[in-house]
Amino acid sequence: EPDETQAAFDRIIERHDRIEPRDAMPEKYRATLVRQIAQHAHSEIIGMQPEGNWLTRAPSLRRKAILLAKVQDEAGHGLYLYSAAETLGVSRQELTEKLIAGTQKYSSIFNYPTLSYADVGTIGWLVDGAAICNQVPLCRTSYGPYGRSMIRICKEESFHQRQGYELLATMMRGTPAQQEMVQESVDRFWWPALMMFGPPDADSPNTEQSMAWGIKRDTNDELRQKFVDMSVPQAERLGVTLPDPDLRWNAERGHHDFGQPDWDEFMAVVKGGGPCSAQRIAHRRKAHEDGAWVREAASAYAAKERQP
Ligand code: FAQ
């Protein structure tokens with residue numbers, strides 16, 4: 001019987017069709033999805049902090065309203081993703097506890113500080129830009145609930161990316177001090193943005209199996225290349241320089257050649273040694289603990305409602 005179950009699963013994967021929550025699936029497939037979806041959900045939730053840092057200091061009411069809406073969208077993305085993970089038999093509570101305990105990861109990018117208001121624009125342009133590059137193909141991932149959650153998330157991320165680009169374009173039409181602020185921000189975020197795609201394929205332990213299962217549709221290096229190719233003309237249009245002396249068009253390949261991020265820095269950040277890692281987790285822990293009474297009250301109310 002287990003062989004038959006495996007064969008049914010393999011047939012669905014071969015057809016590029018969807019695995020749904022009630023379908024039988026290998027335990028490792030389920031565990032890989034829980035790992036990736038939880039990491040993705042945690043990224044959205046932790047990702048609210050760097051930009052949230054500027055909510056009270058946005059330069060106008062309009063910019064404040066935009067930023068508030070964007071940060072709220074990220075909370076929504078986190079919740080859709082926790083719901084997708086719950087279809088695999090894990091609870092949001094359990095995943096949050098693992099995040100706080102440091103046994104589950106979130107994207108390296110959110111361990112860097114937001115030092116100037118231009119960072120709000122750069123995060124929209126480059127971080128949401130990288131997120132879209134990575135997530136559009138995930139709309140076709142083999143696990144149904146994950147793929148479906150990606151559709152709306154990608155629409156919102158595209159809007160976020162344009163918002164960031166528009167903010168930077170406005171600053172680039174401003175004073176020399178504003179232009180310098182944008183360039184300084186792009187200099188800090190470019191390399192961490194490239195790291196978002198994960199280690200080079202040769203050092204990526206999960207890519208091969210995740211591609212075979214149709215969880216990932218492209219490799220880390222393929223998506224990184226796509227992101228560089230997409231960002232170069234946008235940088236030119238903005239009038240900013242990308243801080244990579246090796247960046248140039250390669251007519252033979254039909255792609256840009258580019259330098260490598262500092263992979264030792266990446267590994268250190270992934271292991272919890274990023275400049276803001278401790279602060280991000282401490283903040284999340286406090287919010288979770290402060291919210292305990294709300295969860296208790298909601299459960300008590302639900303129990304009362306269930307009584308005949
Ligand atoms: N940071 O073998 P691989 C957003 C880990 S966008 C931290 O290549 P995989 C939107 C990896 O987990 C950001 N850890 O792994 C937003 C693995 O460790 P493990 C979220 C990383 O899974 C914008 C180990 O390294 N997006 O939030 C990173 O096949 C603005 C080996 O790596 C997603 O999560 C990293 N950058 O490929 C929000 C997208 N890279 O788990 C707010 C979905 C790798 O074995 C503001 N995820 N690691 O202990 C994916 O596509 C994949 O999981 C990858 C990694 C591509 C990230």
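The structure is a predicted model, in which local features need pLDDT of at least 70 and side-chain atom pairs count only at pLDDT 80 or more, whereas totals for chains, interfaces and linings use all residues. Residues are numbered from 1 along each chain as its sequence is written, and side-chain values use heavy atoms, with hydrogens and water left out. The pLDDT, which is the predictor's confidence in each residue on a scale from 0 to 100, averages 97 over the protein, with 99% of the residues scoring at least 70; the model has an ipTM of 0.98 and a pTM of 0.96.

The ligand is surrounded by 35 residues, of which Gln39, Lys105, Ser108, Ser204 and Lys216 are the closest; a residue is taken as near if one of its heavy atoms lies within 4 Å of the molecule. By class, the shell comprises 13 nonpolar, 13 polar and nine charged residues. Polar contacts are pairs of N or O atoms within 3.5 Å; within protein, one atom must be able to donate a hydrogen and the other to accept it, and residues adjacent in sequence count only if both atoms are side-chain atoms. An N or O atom in the side chain of glutamine 39 lies 2.7 Å from an oxygen atom of the ligand, and a polar backbone atom of proline 205 is 3.3 Å from a ligand oxygen atom. For asparagine 220, the distance from a polar side-chain atom to an oxygen atom of the ligand is 2.8 Å.

Helices are DSSP runs (H or I, at least four residues) numbered from the N terminus, and α2 (27-46), α4 (61-86), α6 (118-135), α7 (144-172) and α11 (263-273) each supply at least two residues of the shell. The most come from α2, which gives six. Because 14 of its 20 residues are buried, α2 is largely enclosed by the rest of the structure, buried meaning under 20% relative accessible area and exposed over 50%, with partly exposed in between (1.4 Å probe, protein chains only).

Histidine 77 belongs to helix α4 and counts as buried because its relative accessibility is 0%; its side chain makes a polar contact of 3.4 Å with that of glutamate 44. Histidine 16, in the loop between α1 (2-14) and α2, counts as exposed at 59% relative accessibility.

Methods: Nonpolar A, V, L, I, M, F, W, Y, C, P; charged D, E, K, R; others polar.
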